[in-house]
Amino acid sequence: MPKKIENVGCPYCGVCCDDLVVTVSDDGRKVLEVENACAIGNEIFQHASSEGRISLPRLRQPDGTYKDISYDEAVDYAARVLIKAKKPLIFGFGSTNCEGMAAAAKVAEKAGAVLDNCASICHGSSFLAIFDNGYPSCTLGETKNRADVIVYWGSNPAHAHPRHMSRYSIFPRGFFTGKGHKGRKIIVIDPRYTDTARVADIYVQVKQGQDYDLFNAFRTVIRGEDIPDEVAGVKKEQILQVAEILKKARFGTIFYGMGLCHSDGRNHNVDIAISMTRDLNDFTKWTIMAMRGHYNIAGPGVVWAWTTGYPYCIDMSKKDRAYMNPGETSSVDLAMRDEVDAFFNVGTDAGAHFPIEAVKHLKKHPWITIDPNICMASEISDLHIPVGIVGVEVPGIVYRMDNVPIQYRQVLNPPDGVISDEELFERIHQRISEIEAEEGITQTSAAAAGTQTSFVGE
Amino acid sequence: MSEIIIKNGFVFDPLQGIRGDKVDIAIKDGKIVETTALTNPKTIDAAGMTVMAGGVDIHSHVVGPKVNTGRLFRPEEKLFQNIKKTGSRMEMGTSIPSVYKTGYDYARMGYSYVNEAAMPPLHSPHVHEEIRDTPIIDISAMPVFGNNWFSLEYLKNNEIENNAAYTAWLLRATRGFGIKIVNPGGSEAWGWGLNCANIHEPVPYFDVTPAQIITGSIETNEYLGLPHSIHIHPNNLGNPGNYVDTLETLKLAEGYTAKNAFGRTQVMHLTHLQFHAYGGEGFNFESKVPEIMDYVNSHDNITVDIGQVTLDETTTMTADGPFEHHLRAVNNLKWANVDVELETAAGVVPFVYSANNKANAVQWAIGLEIGLLAKDPMRTYITTDHPNAGPFTRYPRVIKWLMSQAAREAQMDAFKHRDKVIDVTNIAGIDRELTLYEIAQMTRAGTAKALGIADMYGGLAPGMDADVAIYNLNAESMPSDAEEIEKAFSRCAYMLKDGIVAVKDGEIVAEPAKRTIWVDVKVPENAQVNRDIYEHFLKHYSLKLENYSLFEEHLHNPRVIEVNAAE
Ligand code: SF4
Ligand SMILES: [Zn+2]
């Protein structure tokens, strides 16, 4: 009898739909049907039961081919790479659970590695702005229940986050928003007339790369000052009209995407977006939220903040303290300067997403890919260790784009013998300890007295 | 298994009335036992030292989303740190330490239990993930109720049984400990950018007053017979003149008595009283501690904690969303805010308390006045509302100030506006110096009793957990230099957790397993509440009911306290 599993979370995008109904075959090996998911969400479940999944680690041979090895051998190989390297880089985590991220942090600390996640090539600029200016935000249910004005700025959920508009922002009827779409004003600000712009009440065509100027104009108007006849390609009348809507809202949310944090101005665009949100709170209630891409890419920032105090670009090469300086300790920059001597590609595809120069440098050193799938990274690796697919074969906690933890379920059994990221990292950690014990390597940081912290301001 | 005997120390155990006598403390298999139960114990010689039960912190923000937001958005806090790694994990952060530093630093101070003061129910899986990673100390977490739509609706109509059924459900769903209330009604109003400035101002739309929320919550709590009482951060925090609102809030407890099987006697715990004891107006605010403490001293059904300002740079964080918004306009620093659907709102703003700032110095004096004017140290507790008024790592300094008039005077002399501060406070006229026994009451015995866990924590009677702190303080000849007191409480000579030596000479030497304490209440089936829960999740929450309740696998090393309210 096929089995129906309800309330399943979707391990694809940051919308983190948790209302999927997945029907699996009798033997728990195959997904037969997925209800409620969008097309891309559906795909991830189908893929899990496709042919050609690998179920054993594969080690590159002198002749260039891959040979299957056992998990024990793979764990030993990975541990030795980490022990030998002076500054290994562990990067990725676009598609793992938080348990895996916590275990990876433990390994990174032990190995003196740099620990980084996909945010450093994605919403990292948002972090820079948040460090400077804060983050007045809310959970997505707040937006659904209260918001009468929605702004999408430099983001196109119609394609990147298919169910965002129907679940949280434009269409749902919430507690104070019983009229749904009819009761809301939708403003889309984007240089391109996107599919999201089609559903907008007001479309503002900002000139490419001039978002900062437009924010400046809005802030000026909101404070009651005058602006030129046109700013960033937008007519004064439209700026005044939109500013008025923003001020008169009962509750508003600005959702911004890579169009903002990756166009000219980058973190400064996000910074001024946050400043505008602050300003608007002198009049009414406004919130802002980054449209995080992957379903759990908010996760590493959350987990590593409680671990090290930093969300990304975490240099632990000193082993007893962490250091973060994006630009210096960020993965691509480290790779471009050829500063790392071992690379772990975890739940992402640096082979596809890093600049070719960075990949070339990384390739000079051991490259280990930890990922359920065959991807560009796995094909150029020295070792590829398959793991179970989180949200399909491995349960666990993930953080939605609003940092709300969602508990994901397992719907399929992983291929025989395949383990989770968490177990893999725990075993690598264990193996490092064993090897260190065998070889009499001592931790430099053991037992030193008189080390209480001193406070800033003393 | 392992046996230990702690010999020759000066034991302070207010739960047993032991006042510095030389009593041997026997430990077997993680519990305190009679000395006769030991066969071949290892000896810890505590000669010339002070022995207390492990510290029990009644109110601190150590795990969860707002704490973590503080960690994440303040990289500047870690820049110049240089802490050698001595435990199994590195220690990062200052006012908002990493989970590891949190566990280690509490243990170094001899604390074994911390009650996390505000868990947004929607985020309970996050809270429990952080609890899992916090070493050594046992943690309970209180879900916030005072702005929760279910409670607002039930309490508006005075439906105590329904509110109780919902409360029991939520405690189980979040594996929570008790009823926390933060700015009742005000944080819901903040959903619209508004606030409830006093206990009579109705909540927009819900049309229930903070006063109704508070009394309804007391009735709910006593109907259920929970270990802890309601735990309230009242309305109008931080504003001059707010002592009026505080007194009104305290008076709501009149006529209620505690009903529970846990030895708790209060029906209301009012937290970080320092922030709520202000008279005056604008920048001319003044201490109203005598008025407030007169009331507290004469009403047995109330407990309070101090929320002492420690004059440090720190990070404020509360589920009082409108207050944090107000604060960011005061200092114009960065501001994070998270409104949580149907439940609460939280804000985070860095803050620098300075001895050169008159207002901050007055706050400092107000906090100490609370401790020094307390007639019953079993009902007045030491906290810094960590990290709001200062980091918990400053407890030893707070203890020093409470125990030494000379230390207080030295601090006052360092104030830029010394005389003005003295004018509007009472601190200069108080010569009381608290004793070690009173400190033990304020940091473990009293807090454990108020939390309803005094059968396990906060004392050294046989049968209790073998959580013990040994401080390098000779109770018979206390140091003349008060700095020595601070030093001794900062890094204890020994800290034992469940009978395992976790700290020796101020350093972590072992990391025994920690627990999650939660309260499971049985209530009669309640069809209406079940229906309401179903409806709100169907229509208003952004996730499914079935994914909201904490999965068993995300609860770590639980210790459940069972309560039966079904009969
Ligand atoms: S919107 Fe995103 S999370 Fe939802 S089903 Fe589609 S891919 Fe999955
Ligand atoms: Zn607090």
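User: How much area do domain 1 of chain A and domain 2 of chain A bury between them?

Analyst: In this predicted model, the two domains of chain A bury about 480 Å² between them, 75% of it on carbon and sulfur atoms. Buried area is the accessible area (1.4 Å probe) that two parts lose on being put together, summed over both.

User: What makes Arg328(B) and Asp282(A) a salt bridge?

Analyst: The rule asks for a side-chain nitrogen of Lys or Arg within 4 Å of a carboxyl oxygen of Asp or Glu. The side chains of Arg328(B) and Asp282(A) meet at 2.9 Å, N to O, so the pair qualifies. Across the interface of chain B and chain A, the rule finds six salt bridges.

User: How much area do chain B and chain A bury between them?

Analyst: About 6,700 Å², with 53% of it on carbon and sulfur atoms. In chain B, Leu72(B), Met90(B) and Trp192(B) lose the most area to chain A, together 11% of what that side buries. Here 77 residues of chain B are in contact with 76 residues of chain A.

User: Which residues are called protein donors of the zinc ion (ligand 2), and why?

Analyst: Donors are N, O and S atoms within 2.8 Å of the metal (3.2 Å for Na, K and Ca). His59(B) (NE2), His61(B) (NE2) and Asp385(B) (OD) lie 2.0 to 2.1 Å from the zinc ion, so they count as donors. Water is not among the atoms, so sites may look incomplete. His59(B) sits in strand S8 (residues 55-60) of chain B and Asp385(B) in the loop between strand S20 (380-381) and helix H12 (395-403), so the pair ties together parts 326 residues apart in sequence.

User: How are residues and chains labelled?

Analyst: Residues are numbered from 1 along each chain as its sequence is written, with chains lettered from A and ligands numbered from 1 in the order in which they are written. Local features need pLDDT of at least 70 and side-chain atom pairs 80 or more, totals for chains, interfaces and linings use all residues, and side-chain values use heavy atoms, leaving out hydrogens and water.

Notes:
Helices (H or I, at least four residues) and strands (E, at least two) are DSSP runs, numbered from the N terminus. Contact means heavy atoms within 4.5 Å.
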